[in-house]
Amino acid sequence: MEPHAAMAVWDADGMLTIYDSTQGPSADRDTIAATLALPPERVRVISPHVGGGFGSKGTTRPHAILAALAARAVGRPVKIALTRQQMFDVTGYRTPTIQRVRLGADPAGQLTALVHDVVEQSSTLVEFAEQTATPSRVMYAAPALRTTHRLVRLDVPTPSWMRAPGECPGMFALESAMDELAVAAGLDPVELRARNEPDTEPESGLPFSSRNLVGCLREGARRFGWEHRDPRPGVRQEGRWLIGTGVAASTYPARRRPSQATATTADGGFVVRIAAADIGTGARTALTRIAAQALDTSADRVRVELGDSALPPASLAGGSMGTSSWGSAVVKACEAMLKDGRTGRADTTQDVEGDSGFARHAFGAQFAEVRVDPATGEIRVPRLLGVFAVGRVIDETLARSQLIGGMTMGLGMALMEETVMDEEAGSFLNHDLAQYHIAACADVQDIDAAWIAEEDAHLNPMGAKGVGEIGIVGTAAAVANAVYHATGRRIRDLPITPAKLLD
Amino acid sequence: MRPFEYARARDADDAVAQFRAGAMYLGGGTNLVDLMRLGVAEPDYLVDVSRLGGDRIEPSGDGLLIGAAVRNSDLAAHPVVRERYPMLVRAVLAGASGQVRNMATVGGNLLQRTRCPYFQDVSKPCNKRQPGSGCPAVAGDHRNLAILGHSAGLNAAAQCVATHPSDMAVALAALDAQVRVTGPDGSRVVLMPGLHRLPGDEPDRDTVLRPGDLITAVELPPPPPGRSTYRKVRERASFAFALVSLAAALDVAGDGTVRGCRLALGGVAHLPWRAARAERALTGAAATADEFTRAADAELAEAQPGWPPRRSPSMPRT
């Protein structure tokens, strides 16, 4: 959506103001200041509205530095907006991964071993390691569990965060493998997962702060009409279409990072200030609601100021930690203000450091129905359903938007998204939205997201888990599993394009 | 984008008179402006031909005369076109998006350039864009490029495996459309699919048009008998070019034999590919799946994807 863009202005006193498109004004300010060898207080980043980030605006990108340098050189404000084509090379991408999953289970489908090996790339400049196999440390009880990551440095641009880094590619492999195990064991795939529910987090042994994967699977199965599913692949046909359904689990960590906030009475209402970022998620709305609840007042009496590094420093909009991090600070600031009567300030660093002793994750179940044309290999997805357990939902409209947005992105990941690198030039060939295909309106038919009630007292004052990323995590596997069910063909290489089905 | 001058022509003769070296005609701009932004096209003079009055559709004998400035969406919505030429309507509606179709003209649609990613990237060599510089698609990613009639077998300075992206052109090729052209040397008619060329050893020339030539109209003969349709295969349901497409008209007799057919393929060649071999194989044959397969095999016998497929990654055993 909005490309990476920045406008830099130096004032007569050498103070730099940068209007940047960023997922974190505080971190952006710190990086820009350090890069230009300026004290942080001489740099201000203003970013009130961001047209999407998805991870690529979580770190400062070259355009911001270039704008600052150019503005200093010419003595006038300078704006740089990257073209879509330029974005592909300089604003990060999700590394390709090659993954191997080995599952051992007894005849009842109880896992005895889970091995998840990953090979992925970074650049020769910077080591970026996608945390691909980490969800395998969380999902299922297996007495023998091993994950490995091997990273190779190539002459390529440096990969970066892209919606649900780690969990997204890793769960495609794990949840496809679980589907294969269900077939091998003659078990319903929902039942297989229910049988492998762990009591504690498999890798660490920590208790879960809350975990309702099985509840999501059961509720999703009910809503999706899973009960009467014939598990045999390739037997359901309507006209020229083969039809299949698939299920996959999803997960995403539910953590928070330190942030600061202030709350003050003003003009008969309240003003809350925090250098959070609204990257299209509706953070403003969510924080307004959180503050209003903490102040026991109506939302129209609360104004939230964010998107400015001059405000109390805050963590990034990323890692599904925005609302949880900022909300914690906002609640604490509001409580402090109520005590004081006029103003309150909060810093959650100590609170966050005390967040140990629990494994905190959101879980969900993803269901997909696909139609496949066996003559052409075309795949269409008439139904997508996600049921999630994400603690307390702050705003239903915003949460649903994030969940189906993630699912839509997962649909693109499954069926059409692929950057092609020209090996001669080392650059991306299909570097615009005409050639890099994402799911568009005509591709998304019946799509729905729902959540089950979940109480969790060990998260943050709101009892909320992040919802921004979990929607993408299980979708590609659900679609791939449905393609198997429709055709009997197991495709383990994304995207699942028509050519792969005709091979 | 290089700075350019812009002028509106009063009529076709005026447009041709204004044409000069460095000039290009501008219809809806839905491809040309993109190419100018990419630096692929660098005209210094644009002659706007979208308002010459060539935006009408009128009967012509038993056929139809379509002005070159007719917008794609208007063409697809026209009641006579919808009733008599459903193949053309489906082809037009399969292309682009509603917003693009509202702006794109018939003439411009015919003359749109290939979407080969190497052609569109001025940092890459390209024999079409810069003759003699090479064709990186042959050794690179050519999965969506030509399998018929290409010149990958030529020397490196002449190779080209580009495809023509237009859906409308495929239907016009199947319908035996006639393209009316006027230019510095007068007026003539070009029969589809002959407007477009095979790359041969001049990949920079997409069509048989000469500099200054202006398409003024497309004339459709009466539609072929029987049923007709356009089928476009792609991995995304909209706003994507064809992996392959087919314009087909089939006239089947009461006894199940094919009296006549028209078949044209899109997404497989430098031009809309009239499948003449398949048409011959099918005419007089039974209208069955086996015969269709035989006809398709006959047409594709000379298809040459030809080059090593992209390597599939494999996991090192540890």
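Among contacts in chain B between residues at least 6 apart in sequence, what percentage join residues at least 24 apart? In chain B the share is 62%, where two residues are in contact if their C-beta atoms, placed from the backbone, lie within 7 Å. The model is predicted, so that local features need pLDDT of at least 70 and side-chain atom pairs count only at pLDDT 80 or more, while totals for chains, interfaces and linings use all residues. Residues are numbered from 1 along each chain as its sequence is written, and chains are lettered from A and ligands numbered from 1 in the order in which they are written.

Chain B contains 11 helices and 12 strands, these being DSSP runs numbered from the N terminus (helices H or I, at least four residues; strands E, at least two). The radius of gyration of chain B, 20 Å, is close to the 20 Å that the globule rule gives for 318 residues, so the chain is as compact as a globular protein of that length; the radius is taken over C-alpha atoms, and the rule is 2.2 Å times the number of residues to the power 0.38. The C-alpha trace of chain B spans about 65 × 55 × 35 Å along its principal axes. Of the 318 residues in chain B, 47% are buried (20 or more other C-beta atoms within 10 Å of the residue's own; exposed, 12 or fewer; partly exposed, in between).

In chain A, Ser401(A) belongs to helix α10, residues 396–415, and is partly exposed, with 18 other C-beta atoms within 10 Å. Ser401(A) and Asp448(A), 47 residues apart in sequence, are 9.7 Å apart in space, C-alpha to C-alpha.

The axes of α10(A) and helix α12 of chain A (residues 475–487) come within 8 Å and cross at roughly 50°, which makes α10(A) oblique to α12(A). On the α10(A) side the contact is made by Met407(A), Gly410(A), Leu411(A), Met413(A), Ala414(A) and Leu415(A), and on the α12(A) side by Thr475(A), Ala476(A), Val479(A) and Ala480(A). The residues of this contact divide into eight nonpolar, two polar and no charged.

Between the chains, 23 residues of chain A are in contact with 17 residues of chain B. On the side of chain A that touches chain B, the elements giving two or more residues are β5 (97–105) and β6 (111–123). The residues of that side divide into 10 nonpolar, five polar and eight charged, where Ala, Val, Leu, Ile, Met, Phe, Trp, Tyr, Cys and Pro count as nonpolar, Asp, Glu, Lys and Arg as charged, and the others, Gly among them, as polar.

Definitions and conventions:
Axes are lines fitted to C-alpha atoms, for helices over the stretch in contact, and angles run from 0 to 180 degrees between N-to-C directions. Angles under 35 degrees count as roughly parallel, over 145 as roughly antiparallel, 65 to 115 as roughly perpendicular and the rest as oblique.
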